[in-house]
Amino acid sequence: MKLTGRIQGRALGCLTALAMVGALFAPLEAQAGKVLDTIKQKGNLTCGVGQAVPGFSAPATNGELAGIDVDFCKAMASAILGDSNKVTYRQTSYSERFVLLASGEIDVLAHDTTTTLNREGAQKARFTSPNYFDGYTFMVPKSLGVESPDQLADATVCILQGSTFEVNTENFFKSRGMKYTPLVLGTWEQLDAAFFGGRCDAFGGNYGNLAGSRVAHGNVDDYIIFPNFLTLEPYAPSVYGDDQDLFLVARWVMFAMVEAERLNITQANVKDLAASSTDPEVQQLLGAKPGNGKDLGLSEDWVVNMVSAVGNYGESFERNLGKGSPLKLDRGLNDLWTKGGLMYAAPLR
Amino acid sequence: MSEIAITPVQRTYPSLKTRMSPYFKPWPHAIITVLGVLLIGYALVSLFGWAVLNATFGHATPDACRAAGGACWAMLTERYNIVLFGSYPAGEYWRPALAIVLVLGVLIASGFRQLWKPALAIAWVVVMVLSLVLMGGGVLGLEPVSTSRWGGLPLTVGLSAFGIVLALPLSVGLALGRRSKIMVVKRSCDAYVEIVRGLPLLAVLFVASTMLPLLLPGGNMIDTILRAQIALILFQAAYLAEAIRSGLDAVPKGQAEAAHALGLPDRLVSRLVVLPQAFRIALPAIINTFIESIKDTTLISIIGLIDVLGGARGAIADGTWMGFYREAYLAVGIAFFAFCYILSLHSRRLEQEFANERR
């Protein structure tokens, strides 16, 4: 089982590489603005999102996809086309996401994807600023009496097989000269059962996943997730290659969502503020003072459309990952820079 | 002439004691029996406790489920629609449901020999068109539903049923081709079967999904579901061709020679004499390939399609119902088992009928 998993992984790796080579030979169609023009022309945006990723992209009760990545797709569609429903969602697997982006089958990739050098340099994905900061850490039962990862010497650690988690854990323990026993399993469900069944002292994974498992198990107060991360995983949406215009829209849509939160512009009050606000920053963001829309090749009310559809960044976070969601994540690093987090927007002027 | 008394052989049923004795004699057998019964008993009691006694039925909150400690069937009550239909629009569930009923209906009908007539082929074509129209809409006042929202059971049933039905004629061609006297035909059929059988389905699907658009002009226009369907058909055809070829090889040469001697042309020798017999022989192998292909459809998740297993993953991924994967996967497992078991019952009945006929 494990072995086939690894072989399949390798086979997929080879195929991805092959497809990438194929992409080199395919005529380079991407010119500045071509993808954005096509989106406007056909009146529809194709967005690659995750398959069943809680809080990021998963079917709600009515079958419609919901999540913070799905919200980004909606924000893009309402900024470009003025209608958040003009999105075709393509639920992609992790192994095919960059190939689909390269082949032009999806216009935007919003798929709980970490920005890395290789993905930008070799695979030509262009990432916007992050829409979620995650990081590698450990979860332990409160009864273990451990207060920081540094006290985990000689612990048994549950880790997902074939992931960067294995490397992260190895590096962490080695750098501190501590011994540990890894319990490596093939699926998240197996790890879940092993950890809550008491087979390991600590559960290594990204904060968001660990918090999800903790909620799913029910007794949230019996487990601690260390807030000091070993790595930073900035998840960001991306577009492909040379289309500067589409990239600019994606980048500034993300900034505008964050800026709207800082200026207290919400789904509920955006229409009123657009009509009546006297704050120059609000006026500029919402297009009462024109210019931003023209620079991006969008209509001047793009931010109004966007915020009416999905709200500001904070609203989207709380609805999908935070207090309004079953996951109940803290804002943490994802809070605004004014509140000690990492979320910021470059000035929209 | 002396009379021979023919008395019927008395069939005696062994006593309970005789029948039980292999389980208890010699004495090590007794230990194994007792341990085995205890183990199975324990497993059954725990399963019963989990699935029935401590389970939560009907409508309930996730917290109520966790408090009860057993199976959370309430999860399926709340989220069955996602398991069955993926992200298909909520108000239109009758359409995929009807499409599944149609496809399963014609599939089950295909298992009865009385119905093996040209009309059956027409019925398949009609069902294919109807189910596609039902799913896609856009005509007859049905609201259009983009293929990106198709998912769940209709994909599993549709891809495997249409896959096998369309692969069948192709595979007959390939099997006959491999026995052809024309070298070019024979070699190319050989090459096709050997190459396709040598590739993992996962790779075939991945190539169909990601390489096709890069290599073909306008490849982006081919729908992902269609790509998967083509890949499945081409893949199954290679396996089916081998099943059918084994049947063809098992038909005694004398049958074809006798038919030739009666003056039948080659075409009719194949159609009337060899193929029907080959099919009977190859039937278990054909059904076997079909059963495998149903389970293989779960691999389509790698190219971003949501089958019934993907639907189950989606059902437990909305946050609220996270952690209830046992129930979701069990439900999907039961669905797959039911489909496969129906097919194998069909196959067993057909084999029995053929065997009776041959006597």
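## Two domains in chain B

In chain B, the domain assignment picks out domain 1, built from 60–86 + 309–358, and domain 2, which covers 145–305. Keep in mind as you look around that this is a predicted model.

## Where the domains of chain B touch

The contact draws on 16 residues of domain 1 of chain B and 13 residues of domain 2 of chain B. On the domain 1 side, three elements of chain B give two or more residues: helix H4 (73–85), helix H13 (308–315) and helix H14 (325–358).

What is the make-up of the side of domain 1 of chain B that touches domain 2 of chain B, by nonpolar, polar and charged residues? There are ten nonpolar residues, five polar ones and one charged.

## Where chain A meets chain B

Now to the contact between the chains, which takes 42 residues from chain A and 39 residues from chain B. Several elements of chain A supply at least two residues each to the side that touches chain B: helix H1 (2–25), helix H4 (97–103) and helix H8 (207–217), along with strand E2 (58–59) and strand E4 (87–92). H1(A) gives the most here, with seven residues.

Sorted by class, the side of chain A that touches chain B holds 20 nonpolar, 17 polar and five charged residues.

Methods:
Residues numbered from 1 in each chain as written. Chains lettered and ligands numbered in written order. Predicted model: local features only at pLDDT ≥ 70, side-chain atom pairs only at ≥ 80, totals over all residues. Domains from an automatic or database assignment. Contact = placed C-beta atoms within 7 Å. Helix = DSSP H or I, 4+ residues; strand = E, 2+ residues; numbered from the N terminus. Nonpolar A, V, L, I, M, F, W, Y, C, P; charged D, E, K, R; others polar.
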